[in-house]
Amino acid sequence: MSNLTFGIIKPDAVKNGHTGKIIDRILADGFEIRAMKLIHQTKKQAEGFYAVHSERPFFGELTEFMSSAPCVVLCLEKENAVPEWRNLMGATNPAEADEGTLRKEFATSLGENAVHGSDSDDNAAIEIAYFFSKLELV
Ligand code: CMP
């Protein structure tokens, strides 16, 4: 298990003013922030990031949404970072997310679900490198 994972505070959560509250929850849960920046992705950048979903019917909607407004990208450190961050986020569909999770509290729909997190150590390494250079990891 790696100690690093990648996260996004998605455009819905940023627009709705939840960035600070989500960062508070990340720190309270014992993560250290190794890197963080506010970005506004182009459609092409979002398509590259979510390339694994390119054949899925929701790909267009997903990449439109992710490039529609600013989001916050994060590199997070904690022991067992990937499952720990996924636990804090909750289920992809907020209707199925447990009480106390970020998606239960802040997400509005399956598409606009407040946060993203890597699903494996291998993908965490790929996703961190997609948005951060080594020099940006503190
Ligand atoms: P995320 O963890 O960012 O990974 C891929 C995203 O695709 C997911 O969160 C959802 O926001 C989105 N997604 C997954 N399934 C669907 C779906 N059936 N319809 C629309 N969006 C989806």
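This is a predicted model: local features need pLDDT of at least 70, side-chain atom pairs count only at pLDDT 80 or more; totals for chains, interfaces and linings use all residues.

Colleague: How should I think about a salt bridge, and which side chains meet in one at 2.6 Å?

Modeller: The general idea is that side chains of opposite charge can pair when their charged atoms come close. Here, E105 and R25 do that through their side chains, with 2.6 Å from N to O.

Colleague: Why does that pair tie together parts that are apart in sequence?

Modeller: E105 belongs to helix 6 (residues 102–106) and R25 to helix 2 (residues 19–28), so the pair links parts that are 80 residues apart in sequence.

Colleague: Okay, now the ligand. Where does the ligand sit?

Modeller: You'll find the ligand in the largest pocket. The residues around the ligand include Y50, H53, F58 and R103. Sorted by class, that shell has 4 nonpolar, 5 polar and 2 charged residues.

Colleague: Which atoms lie 2.7 Å, 2.8 Å and 3.2 Å from an oxygen atom of the ligand?

Modeller: For polar contacts, look for pairs of N or O atoms within 3.5 Å. In K10, a side-chain N or O atom is 2.7 Å from a ligand oxygen. L110 uses a backbone N or O atom, at 2.8 Å from an oxygen of the ligand. With N113, a polar side-chain atom lies 3.2 Å from a ligand oxygen.

Colleague: And how much of the ligand's accessible area does the protein cover?

Modeller: On its own the ligand has 460 Å² of accessible area, and the protein covers 79% of that.

Methods
Residues are numbered from 1 along each chain as its sequence is written. Side-chain values use heavy atoms; hydrogens and water are left out. A residue is near a molecule or strand if one of its heavy atoms lies within 4 Å of it. A polar contact is a pair of N or O atoms within 3.5 Å; within protein, one must be able to donate a hydrogen and the other to accept it, and residues adjacent in sequence count only if both atoms are side-chain atoms. Accessible areas come from the Shrake-Rupley method with a 1.4 Å probe; for residues, only the protein chains shown count as cover. On a 1 Å grid over the protein atoms alone, a cavity is a set of points where a 1.4 Å probe fits but cannot get out, and a pocket is an open set with protein on both sides within 12 Å along at least five of seven lines; lining residues have an atom within 4 Å of a point. A molecule sits in a cavity or pocket if more than half of its atoms lie within 2 Å of its grid points. Ala, Val, Leu, Ile, Met, Phe, Trp, Tyr, Cys and Pro count as nonpolar, Asp, Glu, Lys and Arg as charged, and the others, Gly among them, as polar. A salt bridge is a side-chain nitrogen of Lys or Arg within 4 Å of a carboxyl oxygen of Asp or Glu. Helices (H or I, at least four residues) and strands (E, at least two) are DSSP runs, numbered from the N terminus.
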